[in-house]
Amino acid sequence: MNYEIRSIQLKDASGINAMRRMPGVFENILGIPSERLKRSEDFIQNMGPNSHQFVAVTTLDDGNEVVIGTAGLSVYENPRLRHSGSIGIMIHKDYQGMRVGTALMEALLDIADNWLMLVRVDLTVFVDNERAIQLYKNMGFEQEGVKKMGSIRNGEYVDELIMSRIRLK
Ligand SMILES: CC(C)(COP(=O)(O)OP(=O)(O)OC[C@H]1O[C@@H](n2cnc3c(N)ncnc32)[C@H](O)[C@@H]1OP(=O)(O)O)[C@@H](O)C(=O)NCCC(=O)NCCS
């Protein structure tokens with residue numbers, strides 16, 4: 001499959017909104033099926049200089065572009081946290097397991113390492129999200145702790161892992 005990774009644009013909002021409501025995605029990203037397009041439009045429009053968001057897009061035979069994944073890095077705004085940031089990622093259900101997540105993470109970590117020189121990147125992930133945990137371990141993240149009953153998922157409170165990647169030159 002051919003796809004391109006590029007910085008997010010306002011026209012990607014509907015693709016992002018669709019993924020945030022998509023079974024196979026929303027359960028693990030704190031999305032909710034009732035989420036509105038405006039939330040994604042506002043998110044893109046209000047991104048500041050500490051937000052870095054890539055999308056992976058492919059072009060279908062009919063010429064239409066489809067957003068097949070996105071990943072973002074937010075540098076913490078507090079001046080005493082400026083050496084660190086957090087990451088979030090989601091891949092369209094039909095394109096999972098095709099290494100798009102790996103490619104998006106590599107693009108984000110290049111920004112973190114070489115262009116922002118962050119020391120610490122962190123994230124949270126549900127304890128049973130094995131594919132995501134494998135991806136993060138592949139990228140050098142390690143488990144730091146467990147946030148007990150950290151989020152709601154399908155009628156339950158679910159534990160989350162806190163993971164981080166520390167990089168000292
Ligand atoms: C988790 C997610 C981001 C991973 O992206 P992806 O493009 O599907 O993953 P990749 O194809 O790049 O594979 C990543 C690794 O996971 C491994 N993997 C695939 N399926 C797996 C599974 N069921 N269990 C464990 N590891 C698995 C792959 O083999 C690969 O590791 P390898 O390179 O050592 O072989 C993506 O599946 C997704 O968006 N899922 C739904 C939303 C979500 O969970 N987001 C993350 C919230 S913290």
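S14 counts as partly exposed because it has 13 C-beta neighbours inside 10 Å; with C-beta atoms placed from the backbone, a residue is buried at 20 or more other C-beta atoms within 10 Å of its own, exposed at 12 or fewer, and partly exposed in between. The model is a predicted one, in which local features need pLDDT of at least 70 and side-chain atom pairs count only at pLDDT 80 or more, whereas totals for chains, interfaces and linings use all residues. Numbering starts from 1 along each chain, following the sequence as written. S14 belongs to helix α1, where helices (H or I, at least four residues) and strands (E, at least two) are DSSP runs numbered from the N terminus.

- Helix α1 is largely enclosed by the rest of the structure, because 6 of its 8 residues are buried.
- The buried residues of α1 are A13, G15, I16, N17, M19 and R20.
- The cover over these buried residues includes α2, β3 and β4, judged by contact, which requires two C-beta atoms, placed from the backbone, to lie within 7 Å.
- M19, a residue of α1, counts as buried because it has 24 C-beta neighbours inside 10 Å.
- Beyond its neighbours within four places in sequence, M19 is in contact with V25, V67, M90 and H92.
- M19 and H52 are 33 residues apart along the chain, and 19 Å separates their C-alpha atoms.
- From S14 to L123 the C-alpha to C-alpha distance is 25 Å, across 109 residues of sequence.

**Packing of α1 against α2**

- Helix α1 (residues 13-20) and helix α2 (residues 37-45) have axes that come within 8 Å and cross at roughly 125 degrees; axes are lines fitted to C-alpha atoms, for helices over the stretch in contact, with angles from 0 to 180 degrees between N-to-C directions.
- This angle makes α1 oblique to α2, as under 35 degrees counts as roughly parallel, over 145 as roughly antiparallel, 65 to 115 as roughly perpendicular and the rest as oblique.
- The crossing of α1 past α2 is right-handed, meaning that the near helix is turned clockwise from the far one by less than a right angle, anticlockwise being left-handed.
- On the α1 side the contact is made by A13, S14, I16, N17 and R20, and on the α2 side by L37, S40, E41 and I44.
- The α1 contact with α2 comprises 4 nonpolar, 3 polar and 2 charged residues, with Ala, Val, Leu, Ile, Met, Phe, Trp, Tyr, Cys and Pro classed as nonpolar, Asp, Glu, Lys and Arg as charged, and the others, Gly among them, as polar.

**Nonpolar cores**

- The largest nonpolar core has 25 residues, of which A71, L104 and L108 touch the most other members; such a core is a set of buried Ala, Val, Leu, Ile, Met, Phe, Trp, Tyr and Cys residues joined through C-beta atoms within 7 Å.
- Two or more residues of this core come from each of α1, β2 (51-59), β3 (65-75), β4 (84-91) and α3 (100-115).
- Helix α3 supplies the largest share of this core, 6 residues.
- Not counting residues up to four places away in sequence, L104 touches I5, F54, A56, G69, A71 and I89.

**The loop between α1 and α2**

- I29 is placed in the loop between α1 and α2 and is partly exposed, with 17 other C-beta atoms within 10 Å.
- Residues up to four places away in sequence aside, I29 touches R20 and M90.
- Although I29 and T124 are 95 residues apart along the chain, their C-alpha atoms are separated by 9.8 Å.
- L30 also lies in the loop between α1 and α2, and its 15 C-beta neighbours inside 10 Å make it partly exposed.
- The phi angle of L30 is near 65 degrees, a positive value in a residue other than glycine.

**Other loop residues**

- M117 sits in the loop between α3 and β5 (120-126) and counts as exposed, with 10 C-beta neighbours inside 10 Å.
- Although M117 is not a glycine, its phi is positive, at about 55 degrees.
- G140 occupies the loop between α4 (130-138) and β6 (142-153), and with 14 other C-beta atoms within 10 Å G140 is partly exposed.
- G140 and L118, 22 residues apart along the chain, have C-alpha atoms separated by 14 Å.
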